[in-house]
Amino acid sequence: MAADVRIDIAAQFVGKKAFKEADTATEKLTKNVKKLAGAVGLAYGTSAVIAYGKASVKAFAEDEKAALRLSRAVENLGIGFANPAIADYIAKLEKSAAIADDILRPAFQGLLTTTGSLTQAQKLLNDAITISRASGVDLATVTEDLGKGYVGITRGLQKYNTGLTRAELQSKSFNEILGVILKRSAGAAEDYLGSTAYSMDVLGIATGNASEIIGGGLVDALALVGGGTEATDAAYVIENIATALAKVTVQAGRTVGVIPTLIKNLKNLPRNIFAGFAGAQIGRNVLIPEKKEEVKLTLTQKKQQELMAKLEKDSLRRERERLALKNKQLATDKAKAIIAKGENALLKGESVFDMDKIQLAAALTSQAEQLGKATNASQVLQIANDTARLNVKRSMLALEDAIAAKDEAAIIAATNKLNADLKVLGALGMQNVKLQDIKSILETLTPKDLINQANLDAALAKIKEMLALLAQVKTPTVTTPTSGGAYSTVAKVAAITAKLPASVTATDFFESLTEDEQAQLGGYQPFVGAKIPTTSPEIFTPSGAGLGNNGSGRQVPQGVTINVNTGVGDPNAIAEAIDQVLIDAVNRGTLRGGAYLA
Amino acid sequence: MPTEVKGAVELRKALKAFTPDLAKETQKEIAAVLKPIVTKARGFIPSTAPLSGWAQSNNGTWGNRVWSSSDAKRGIGYKTTPSKVNRSGFRSLARIVNASPSGSIYETAGRLNPQGRPQAPMSEVVAPRHPNFGKMTRSGSKDQSMSNNPNAGKQFIDAMNRTSPIVNAFQRAEGQSGRASRKMKGRAIFRAYAEDQGKANAAVIKAIENSKLEFERRVK
């Protein structure tokens, strides 16, 4: 309950990550403070001194390793003589920029091997420090990015918020990009020099260097005590003497705090003295054979200058080659762009000879000519329809071309044009449909009755014509072997119509007729297969077969010829009329000498 | 090795490491700001128990919560050392506390339920081996009162309200949104803090700022 009953004043949000960072920072700070305290011989317990001694040895070893790596890299470039100058440069930079030498060395080494130029590497390292201060990105990453950028891989430079696009990063030269980054980072390094963080870094570096210096002395001294020259021997000795030192009082501990300083001074003494002293302490001979000095050829000032000039010259040559390569690449890209442009132009040229387009243009021209010759609205409408269709076709072709060219603006324009043409065509089509509709409606209004006034008038006219013909033509006589006559349909009609009163209409008369009679008057369509002869039928010529009295009994007696003069008419009707005459004759008993069956 | 000082917590560590005198000075400065609030808060603690029975020695549930004016006053104090990180990830650099049990009860009683907790209902004990098996007992949660007096909570809170009302010390910052915390209400330290009207808070922050500037001046 008590946990809630409090008022927090000026709380600080540390969060999970910040808490961890704060802890790490505190640990580092504590470590550095302890190191510093150890270095100046402040009151620290024995264990702290021993631990500090071990850490110092380790720090020295790491520092030495990094220095050796850099030294080897410089020698490989052929300027080994410049090692002292480089070490001096690193030391000065460490103090001025407050960046530990164990960070500066690998960074400088990377740049030196990449550029192959001492001056270029120094310049880039200074730039990298500025950029690192401005961006917050650690120096190792910045130098790596700059090194890559120097050889043309500018992708890593994107993270420094240059404001350049990827294409620009690829096309611009490294120096241009670096210029942009430096312009944006200007003043960051100077600002940092005025901050508390800088002060703390200076303190940290000072304690770190103190550790390395002391560590170096300890390694030399204690390794000799341990019987070797390596750091491992020194560490072994430190552990062994830790037990003895642990028994020393606090006052003694303070004294021990001065040991590192003493050891550092001892380092400057001849080794044999120390070795002899240590050997006497542990009762064994730890004399180490004198290390032979390496015979190094010293270069004259002139030679050194020559070598440096050669290095710079080589570096410049490589840079020139790289630039030439890049220019070549750019030229190739440019040529590709020109080719692409030419291809586009070619495609445009091809469109001039496009057969579809030519035909289309010709058709449109033809339509225009037709329009000039049109004499009525229907023709104009038809021409307009055709023109609209041709326009639609042309718009479709244009759209296809635009799609093929992937030209967005052209596609949109062609689509709009096509839609507009389709609209025009639709409007014209609608007009056409309407005209057709009206026509069909009018046609439906036309009477389709079988008998109408016109037909009847025509029928009457025909009848009159027939009557006129009948008046001129003799009544057909049927020459029969028997007496009596027979009326044909036409005759019958003539006889009837003569008796008709004036009140009887033609319709009444027509309806009173039989179907056959109506057919004869043209009221019905004649039989499809019927063939109406245009000339008089041939005179019947009886065959000679079966003649005489010994036949089947149904043959015409020999020597009798029947001629029927029917005039022009329906053969069927004529046949029926003849048949009727014969039946009547049988009924009357006038037809003898054979049977006649209907 | 490079070390970066960030925020007040780190600044305090740096102060202690490099300028111990400045660190002590800063703490003294902060203490000087907080002390008047503490004194005032102690003045809000009644000299007698708000309820007469509360001061009687008891061995039951309230055995360690017996009212003692002196304990309650002593329990009110301040701290200028950074606290542990709370669940929200905050560390307070300075704080006023009411640490005694009776004092904190007096501080907060009625903060959540101004009318007292509702009474827990009666229910039959159904566990066969329970000594009260078959009997009706009052059973409820922490949010319910176990007293047979339905007005017990209200009477308790009313008695304390007669000596000092609950005051809300929450100050909405400019542009701050969201629900106001009810944990800024109380009768002693919160009341004193509210009456201070944020002056102490500003003074503490200023003291930290001053120490930062002084530290930078000395280190350079």
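Predicted model: local features only at pLDDT ≥ 70, side-chain atom pairs only at ≥ 80, totals over all residues.

1. Strand S2 of chain B, residues 90-98, is mostly covered, with eight of its nine residues buried.

2. Which strand of chain A pairs with S2(B), and in which sense? Strand S1 of chain A, residues 6-13, pairs with S2(B) in the antiparallel sense, over seven bridges. Within this pairing, Phe13(A) stands opposite Phe90(B).

3. S2(B) also has a partner in its own chain: strand S1 of chain B, residues 76-79, is joined to S2(B) by four bridges, and the two run antiparallel. Here Ile76(B) is found opposite Asn98(B).

4. Chain A holds 22 helices and one strand, and 20% of its 598 residues are buried. Chain B holds seven helices and six strands, and buried residues amount to 33% of its 220 residues. The order of elements in chain B, read from the N terminus, is α-α-α-β-β-α-β-β-α-β-β-α-α.

5. Regarding contacts, in chain A 61% of those with a sequence separation of 6 or more are between residues 24 or more positions apart. In chain B, 67% of the contacts between residues at least 6 apart in sequence join residues at least 24 apart.

6. Helix H22 of chain A, residues 571-588, comprises 18 residues and reaches 25 Å from its first C-alpha to its last, close to the 26 Å expected at 1.5 Å a residue. Its buried residues are Ala577(A), Val581(A) and Ala585(A). Why are they placed on the same side of H22(A)? They lie on the same side because they cover an arc of only 75° around the axis. Ala575(A) and Asn587(A), on the other side of H22(A), are exposed. After the helix comes Gly589(A), with a positive phi near 85°.

7. Helix H1 of chain B, residues 7-18, has twelve residues, which should span 16 Å at 1.5 Å a residue; its end C-alpha atoms are 16 Å apart, so the span agrees with expectation. The buried residues of H1(B) are Ala8(B), Val9(B), Glu10(B), Leu11(B), Arg12(B), Lys13(B), Ala14(B) and Leu15(B).

How values were computed
Residues numbered from 1 in each chain as written. Chains lettered and ligands numbered in written order. Buried ≥ 20, exposed ≤ 12 C-beta atoms within 10 Å, placed from the backbone. Contact = placed C-beta atoms within 7 Å. Expected span 1.5 Å × (residues − 1). Arc of directions from axis to C-beta. Pairing = 2+ DSSP bridges.
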